[in-house]
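I opened a new structure today and kept notes as I went. Here is what I looked up.

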Amino acid sequence: MTWWAPRPASPSAEAWQDFQAAVAWLLGLQLLDLLTTLGALSQGAGEGNPFAAAILDSSGMAGLVQLKLVALLLMLGWLPAYAMVQRPGQPRSVIAWTMLGLVLVLVVLYSGVVVNNLRVLQLVVQP
């Protein structure tokens with residue numbers, strides 16, 4: 001059961017709510033990653049991700065924003081994929097558990113990225 005919603009009638013509804021919540025966190029962290037990265041870059045910091053740095057060098061800030069928007073759209077693709085493997089009225093399948101686990105691992109990793117971005121931003125802003 002999630003803390004923000006009443007207990008759903010079926011295990012699959014609860015599984016769906018858990019997955020939606022995890023994807024929502026991941027999308028929010030992606031947005032925070034973009035904002036903190038843009039903030040740090042505007043203060044003179046460098047991009048630590050080699051792939052994003054190459055895009056930044058070739059396309060500038062607009063390319064970095066486009067990269068993040070594509071990542072957000074790809075992450076939204078997790079929702080229909082999960083709906084395809086999670087059968088209504090059934091307990092969570094092994095594939096559904098695996099998908100939830102992957103999204104939660106990404107949430108933890110992106111949380112670290114955002115915390116690191118905030119640390120870098122603090123370092124470049126302080127005199």
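Predicted model: local features only at pLDDT ≥ 70, side-chain atom pairs only at ≥ 80, totals over all residues.

**Entry 1: a helix pair**

I looked up how α3 and α4 pack. Helix α3 spans residues 78-85, and helix α4 spans residues 94-125. Their axes lie 9 Å apart, at an angle of about 155°. An angle over 145 degrees counts as roughly antiparallel, so α3 and α4 are roughly antiparallel to each other. I recorded their crossing as left-handed.

Next I listed the residues that meet. From α3 come Trp 78, Ala 81, Tyr 82 and Val 85. From α4 come Ile 95, Ala 96, Met 99, Leu 102, Val 103 and Leu 106. I sorted this contact by residue type: ten are nonpolar, none polar and none charged.

**Entry 2: a salt bridge**

How many salt bridges does the structure hold? I found one. Lys 68 pairs with Asp 33, and their closest N and O atoms are 2.3 Å apart. The two residues sit in distant parts of the chain, 35 residues apart. Lys 68 belongs to helix α2 (residues 50-76), Asp 33 to helix α1 (residues 11-42). Are they buried or exposed? Both Lys 68 and Asp 33 are buried.

**Entry 3: Val 65**

I stayed in helix α2 and picked Val 65. Its relative accessible area is 27%. Buried would need under 20%, and exposed over 50%, so Val 65 is partly exposed. Beyond its neighbours within four places in sequence, Val 65 is in contact with Leu 34 and Leu 38. I also checked Ile 55, ten residues from Val 65 along the chain. Their C-alpha atoms are separated by 9.9 Å.

Note on methods:
Residues numbered from 1 in each chain as written. Heavy atoms only, no water. Axes fitted to C-alpha atoms, helices over the stretch in contact; angles between N-to-C directions. Helix = DSSP H or I, 4+ residues; strand = E, 2+ residues; numbered from the N terminus. Parallel < 35°, antiparallel > 145°, perpendicular 65-115°, else oblique. Left-handed = near helix turned anticlockwise from the far one by under 90°. Contact = heavy atoms within 4.5 Å. Nonpolar A, V, L, I, M, F, W, Y, C, P; charged D, E, K, R; others polar. Salt bridge = Lys/Arg side-chain N within 4 Å of Asp/Glu carboxyl O. Buried < 20%, exposed > 50% of the residue type's maximum accessible area, 1.4 Å probe, protein only.
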